[in-house]
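Welcome, and thanks for taking a look at this one. Here is a short briefing to read alongside the structure.

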Amino acid sequence: MTEPLLRFSAGRAAGGRHRHALVNLGTLVLCGLLAGLVVAAAMFPALAASGLAAKAGAESFEALPSELTTTRAPQATEVYAADGKTLISRFWDENRHDVTFAQISEPMREAIIAAEDHNFYVHKGVDAKGIARAALNNSSGGAQQGASTLTMQFVRMSVTYTAPTHADAVKAGEDTTSRKIREARLALQAEKRFSKDEILTRYLNLAPFGHSTYGVYAASQFYFGKQPKDLSIAESALLASLVRSPTFYDPLDAEGKENALARRNWVIGQMVEIKAITAAEGEAAKKQKLTVKGKRPPNGCTVTKPNDWGFFCDYFRRWWLEQEAFGATPYDRERRLNGGGYRVVTTLDPKTQKAARDNVESRLKTGSAHALMVAAVEPGNGRVRALATNRVFKLDNSANKPSSNPKKPGRRGTYPNTTNPLLTGGSGYQAGSTFKIFTLVAALEQGYPLAYAINSPQRYQSKYHGASGDSACPGTDRWCPGNSSASLAGMHNAWTGFGRSVNTYFVPLEELAGAADTVEVAKKLGIRFLSQQDISMANDRATADGWGSFTLGVSGTTPLDLANAYATLAADGKHCEPIPVQEIKDIDGKQLDVANPRCDQAVDSDVARAAIDAARCPVGDQSAFGECRGSTSAAAYSAVGHPIAGKTGTTDSKRTASLVVTSRSMAVAGILADPDWPETTANMSHDIVNPAVYETLADIMRGKPRQDFPRPSEKLAYGQQRSIPDVTCQPVDAAKSTLESQGFRVEINAEPVGSACPAGSVARTEPAGRTIDGGLVVLRTSNGVAGTPTASPPPG
């Protein structure tokens, strides 16, 4: 199909400024003769080959196409919010939306007949009397009249739309005798193929009405802001006037408005003449003031209202362009979006979007260089319910403030206006300790239960090499991560290690689970790797297995992916691709499968439940086993008031701050960062991002019934429990040998504690009594001072 802007470059539509007159009187007379020839040709093919047509310069009548090829002209795709009523935007190359005969008012149908073809319901496609009348009128100096019937005009537009090349489309509109003969022949065929009502409807759906408006639906919306079924006599007459020349009769132009008014009143007179309306109705219609709205309909994502919906609209558009169901290439898919006439119901929930946007703006208003970004995803289906940030989705950056990046002096920043996919794409942002969940899942998959304890010092010498500077252990190239506070050192399990975000618990846990397997878990849960460096690291297993810092969230991600990963765990390990649509119907009303959720069981349901049980600790909730000891965002549970799980995240130097919180029915993630300067020296505050996230979830959950997370199995919570042999007061080496012979891992804490046992002997074990099979037992040595050995206190 040819480019839309070229389809009406010739003929009636493109002759818009002043309609072409017929070349000369000889041609007019010939048209009269041709009228008889064409009618006769329908019954006597031999006559079609007469010398008259040849002398006129026309191709052989028999060589003309005998079948009319029709196709749907491009239709605007309409995109709605999840309620199916609120329009987000429309996408179109030609602003058009087909309607049925019944959806067009009777005055509109009568007006176009009065303006263009009085005998429409009488002739058989070619009006011999009309041709003769036009020839006589035009030769006598009267106002120029055309001889084409509505059927012939419909044929011309159809031939233009089905033309295989631009040159063919131009030829279809040339004002030549051969073209008129072809149109007449095809008009006769069209009358056999379609009813009069069908031809009239198709004509009104194809016709151009000016201002990139095609078809009566778009025209009635543009000029009058109403449905075509509601058009009045005066309004119908005006629209019928426009098809003759949309520019010459343009009612939005000062000169054109006078022409339009005169033409409108003439059409009203013609409606009276054909007895479509009474004389009194005609006079009343002529007295009506010519008033038009000229409201251009939305097209694309920069015109959404409210404008914060533009980021979701853009996410939808990018998603569409990735779907092979809409074509083999992005170009094909875009043509389908802009011309396929789809009705799309997206997943955007207006109430959820408003809650997210309001909470973002209340914490960090639009205009800040720092971007506060919040995404909401529904567990179990991947439907994206909100995408909000303190930015305006707008192409014009002329009012933007300077970039915050000192390495880019003189460049404008991306605030307050941007069309960058801040929440869903780009190179992403480091999300810090939120990534520890992937290490936990990898460990659970390999049989390490939540109760698996690790002695977590303030600074841990890892097995990973390549570190330098402050991150290296003194005198080595080994990576030595530390905790945010010395108070975090000690024995920790998954509940306390995750709840208090202990780095030196999760780095050795990652060593046990394997960094490569941890990276694979992140992939399974929906984390995309966005920068080329991260992609290279993640896609090479040998390289990934040395990625020790991965557990601390050094890979770039988006709020959308982060929310979806935690949503997967909240849905018992059922991963669903994030999706912005919940229903797509094609132009015929057929529902397409491409809008269906795309889900798989990413991890075992018991593993997911165990991970969620530990993730309840950081956000102030309590695990099913009562094992939470400490949190990093206790206010979250107080605000939401429903069972929740989640995690905070902070990167080195606090360049980003993040929080993700999920209930059983909604996951919300937020990241605070500087998109213009990822290496910012500013501190991103959890006092900003945390409440924006959990208050959004609180607003979403308000009034909903309580849904608890399913309890994980005892096996994944505690593993197989075994008694710890009593080695109190034994020499350390002997005690260590005894415990290791029973399959326990043994570490020695050389710092003595008060005990009546001989100095240097074992004062107690941590834990005491029982622990998991193969678990860690720490030996505490005695200082020989009187005291009673005590059991290990609870971790954390």
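**Briefing**

Cys 729 is partly exposed, with a relative accessible area of 35%; that value falls between the 20% limit for buried and the 50% limit for exposed. Please keep in mind that this is a predicted model. The protein has 796 residues, and buried residues make up 55% of them. Its secondary structure comes to 29 helices and 24 strands.

**Backbone details in the loops**

- Cys 729 sits in the loop between strand S20 (721–723) and helix H29 (732–741).
- The phi angle of Cys 729 is near 70 degrees, which is a positive value in a residue other than glycine.
- Ser 653 is not a glycine either, yet it has a positive phi of about 65 degrees.
- You will find Ser 653 in the loop between S17 and strand S18 (657–662).
- The peptide bond from Lys 305 to Pro 306 is cis, with omega near 0 degrees, and Pro 306 belongs to the loop between helix H14 (279–287) and helix H15 (310–322).
- Tyr 415 and Pro 416 are also joined by a cis peptide bond, here with omega about 5 degrees.
- Pro 416 lies in the loop between strand S8 (392–393) and strand S9 (417–418).

- Pro 643 is placed in the loop between helix H26 (635–640) and strand S17 (645–650).
- With a relative accessible area of 1%, Pro 643 is buried, because the cut-off for buried is under 20%.
- Not counting residues up to four places away in sequence, Pro 643 touches Arg 616, Asp 621, Tyr 637, Thr 662, Ser 663, Arg 706, Gln 707, Asp 708 and Phe 709.
- Take Arg 706 from that list: it is 63 residues from Pro 643 along the chain, while the two C-alpha atoms are separated by 7.4 Å.
- For the protein as a whole, residues 24 or more positions apart account for 72% of the contacts with a separation of 6 or more.

- The buried residues are Lys 196, Ile 199, Leu 200, Thr 201, Tyr 203, Leu 204, Asn 205 and Leu 206.
- The packing partners of these buried residues are helix H5 (106–116), H7, helix H9 (177–193), strand S3 (208–210), strand S4 (213–214) and helix H11 (215–224).
- The axes of helix H7 (residues 150–162) and helix H10 (residues 196–206) come within 10 Å and cross at roughly 55 degrees, which means that H7 is oblique to H10.
- H7 passes H10 in a left-handed crossing.
- On the H7 side, the meeting residues are Leu 150, Thr 151, Gln 153, Phe 154, Met 157, Ser 158 and Tyr 161; on the H10 side, they are Ile 199, Leu 200, Arg 202, Tyr 203 and Leu 206.
- Sorted by class, the contact of H7 with H10 has eight nonpolar, three polar and one charged residues.

**Helices H18 and H20**

- Helix H18 (residues 436–445) packs with helix H20 (residues 503–513) at an angle of about 45 degrees, and their axes are 9 Å apart; H18 is therefore oblique to H20.
- The crossing of H18 and H20 is left-handed.
- H18 contributes Lys 436, Thr 439, Leu 440, Ala 442 and Ala 443 to the contact, and H20 contributes Asn 503, Phe 506, Leu 509, Glu 510 and Ala 513.
- By class, the residues in the contact of H18 with H20 divide into six nonpolar, two polar and two charged.

**Nonpolar cores**

- In soluble globular proteins, nonpolar side chains tend to be buried together.
- The largest nonpolar core holds 99 residues, of which Trp 320, Phe 438 and Ile 584 touch the most other members.
- Leaving aside neighbours within four places in sequence, Phe 438 is in contact with Thr 518, Val 521, Ala 522, Leu 525, Ile 527, Phe 550 and Ala 565.
- There is also a second, separate core of 57 residues, with Met 108, Ala 111, Ala 115 and Ala 207 among them.

Definitions and conventions. Residues are numbered from 1 along each chain as its sequence is written. This is a predicted model: local features need pLDDT of at least 70, side-chain atom pairs count only at pLDDT 80 or more; totals for chains, interfaces and linings use all residues. Side-chain values use heavy atoms; hydrogens and water are left out. Axes are lines fitted to C-alpha atoms, for helices over the stretch in contact, and angles run from 0 to 180 degrees between N-to-C directions. Helices (H or I, at least four residues) and strands (E, at least two) are DSSP runs, numbered from the N terminus. Angles under 35 degrees count as roughly parallel, over 145 as roughly antiparallel, 65 to 115 as roughly perpendicular and the rest as oblique. A crossing is left-handed if the near helix is turned anticlockwise from the far one by less than a right angle, and right-handed if clockwise. Contact means heavy atoms within 4.5 Å. Ala, Val, Leu, Ile, Met, Phe, Trp, Tyr, Cys and Pro count as nonpolar, Asp, Glu, Lys and Arg as charged, and the others, Gly among them, as polar. A nonpolar core is a set of buried Ala, Val, Leu, Ile, Met, Phe, Trp, Tyr and Cys residues joined through side-chain atoms within 4.5 Å. Buried means under 20% relative accessible area, exposed over 50%, partly exposed in between (1.4 Å probe, protein chains only).
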